Structure formats: structure tokens, C-alpha cells
Amino acid sequence: MRKGLMTMRVEHAALTDVGCKRSRNEDAFFVSDALKLYVVSDGMGGHRAGDVASRLVVEGMQEHIHRATYRESGLGSPSPSGLSPAASCLVDAIGHANRKVWDAARSEAACDGMGATVSAVWICGGTFVSANVGDSPVYCVHGQTIEMVSVPHTLSAGSPGDEGAGHTHVLTRAVGVNEQVVADVCESQCYPGDRFVLCSDGLSNRVSEEEILDAVRRFSAGDASRFLVDLAKDRGGDDNITVVVVTVGARRGVARWLRRVFGPLLPGMKTRARRGGA
């Protein structure tokens, strides 16, 4: 395929809900079809100013990516770690967000000890980059399969979908609790029809991967978001719940060409990823 032919059209639906038992929403998200950037952050439960931390995370990610794409001379060269320029930029954006949270926690007594998770997907040409810190998952739905492309930084017990209190976990990594943070990264091709689901653990602790797959295959992005949030609330909704569903397509004309040439192959393609802490 000629360079530049795969121009992806990306659309999204996003929904956040305080849940059934919390008094405030400590989740935050940023979505931009123009940047093709999607971010979910969950303020650390039980810590002070979790809502401030998650807000600073999504603001920091947005600031850094916006500068890199619109105000500076490109994304630069591949990093020594082997990550692409886009992946390096996304990791740097998480580092920038980490410094914002770290600095605020040190300068404001009310914010001492705050932190947050972050999960992000950035669609660049015919590829996607996912990066995360913490336990807010990112799923890639390709054809009839779903794959978690994030790396959960937790010690956990129990099963998603449990209706009791058996599912517990402790974060082993979070944004803003240390001066520096290490993100895990996944890079792979993406194809027209692929969907990405980013969510906070208020959803993933109550809804299984199979149920997420079924919802995004049966419904539009908006209806799937509402269905999944309602399902988590029906099962207790004891945490804030945020979900972002991203749908990847191709520009008209390109989509028809892809279906004609690669149609028989697309259902069997598997996500091939390069992972690694950065």
C-alpha cells in the first residue's frame, strides 16, 4: 500500500457516571477526533484530591500532544528504545502529566498524596499506539475478537463481573506519586472496523471482556457506552464509571478499495504489538 493511502477516519462516544455509591466523580477523560487522541484517567481511590489528579493528567496529555503535533517541527525521530516517534511522544506526554500531578501534590497541602491512572490511544495513520500507567484498561476489538492491549499495574484477586466484594486490587504504579513514572506501550497496525474501548476500573471490575465485545459488536458506539455503564451500575456501581468507545474507519474510496483487496483476509488478522516500559 502506498504511503499515505491508509488515512483513517476515527469517531468516538464517551460517557462518565459517578456510579451508585460515590459522592463525586474522580474520573476524567479527553477525546479528540481531530487529534485522534483518547485518554481516560481515574483518580486514585482513597487518596486525597483524586479528581484534581485525574484532571491534571488529561490536561497534561492534551497540552503535550497538541504542542508536538501543531506547534513544533514534527514528532522527531525514533527513540533509542525502538519506539516510533508517535509512541515516544505519547510516553513523553505521560511524563509531562506526571510532573504536573507531582508538582501540584508537593505545592498544595490539600493535594498531598494524590495520584491517578492513565490509559491512552493515539491513532496515527494506519497504526495505533496505546500507553498506560495503572489499571484503567484499553481493549482492541478486531473482527470477532477482543484483546487487552494495556498492561495492568496491580496486585489483584477476584474476577471481573463479580457482584460481591471479592474483586480487590492494589495499584503498583500510578501517575504523580513519584517524580518519574514508567508507562507500558503497545504499537500495532489498525484496520477499518477496529474498535478501541478505554475505561476506568469502575467498568472493568464489573463487566467482563466478553460482555464488552458483545456490546460494541451489537450496538453503535454511543449505545454501547450507555449499555456498559448501565450494566456496571446494575451490578453495584460502587465506583465511578467511565468508558470511551473509538471506531476506526477509512476515508470513502479507500474503504471500498480495502474491502475489495483485503476483505477475505481482515477477519483473520491478529493484533501484533510491540510492548515495553518506556
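What does lysine 36 count as, buried or exposed, and at what relative accessibility?

Tutor: Keep in mind that you're looking at a predicted model. Lysine 36 counts as buried, because its relative accessibility is 17% and the cut-off for buried is under 20%. To find lysine 36, go to the loop between β2 (27-32) and β3 (37-42). Leave out the neighbours within four places in sequence, and lysine 36 is in contact with Met8, Val10, Val121, Trp122 and Ile123. One of these, valine 10, is 26 residues away along the chain from lysine 36, yet the two C-alpha atoms are separated by 6.7 Å.

Now try another loop, the one between α5 (221-234) and β12 (241-250), where aspartate 239 lies. Aspartate 239 is also buried, since its relative accessible area is 15%. Setting aside residues up to four places away in sequence, aspartate 239 touches Val18, Gly19, Arg22, Asp42, Asp201 and Gly202. With arginine 22 there is a polar contact, side chain to side chain, at 3.3 Å.

Glycine 236 sits in the loop between α5 and β12 as well. Its relative accessibility is 25%, so glycine 236 counts as partly exposed. Apart from neighbours within four places in sequence, glycine 236 is in contact with Cys20 and Lys21.

As background, an α-helix has 3.6 residues a turn, so residues three or four places apart point the same way.

The whole structure holds 2 aromatic pairs. In one of them, phenylalanine 219 and phenylalanine 227 have ring centres 5.3 Å apart and planes at 45°, so this pair is tilted. Phenylalanine 219 is partly exposed, with a relative accessible area of 27%, and phenylalanine 227 is likewise partly exposed, at 32% relative accessibility.

For some strand geometry, pick out β6 (residues 138-142) and β7 (residues 145-148), which pair in the antiparallel sense over 4 bridges. Together β6 and β7 make a hairpin with 2 residues between them. In the turn, glycine 143 has a positive phi of about 60°. If you want a bridge to look at, take cysteine 140, whose partner in β7 is glutamate 147.

The disulfide count is 0. Cysteine 111 is buried, with a relative accessible area of 4%, and cysteine 199 counts as buried too, at 0% relative accessibility.

Back to where you started, then: lysine 36 is a buried residue in the loop between β2 and β3, and its contacts include Trp122 and Met8.

Methods:
Residues numbered from 1 in each chain as written. Predicted model: local features only at pLDDT ≥ 70, side-chain atom pairs only at ≥ 80, totals over all residues. Heavy atoms only, no water. Buried < 20%, exposed > 50% of the residue type's maximum accessible area, 1.4 Å probe, protein only. Polar contact = N/O pair within 3.5 Å; in protein donor to acceptor, adjacent residues only side chain to side chain. Contact = heavy atoms within 4.5 Å. Pairing = 2+ DSSP bridges. Disulfide = S-S within 2.5 Å. Phe/Tyr/Trp six-rings, centres within 6.5 Å; stacked < 30°, edge-to-face > 60°.
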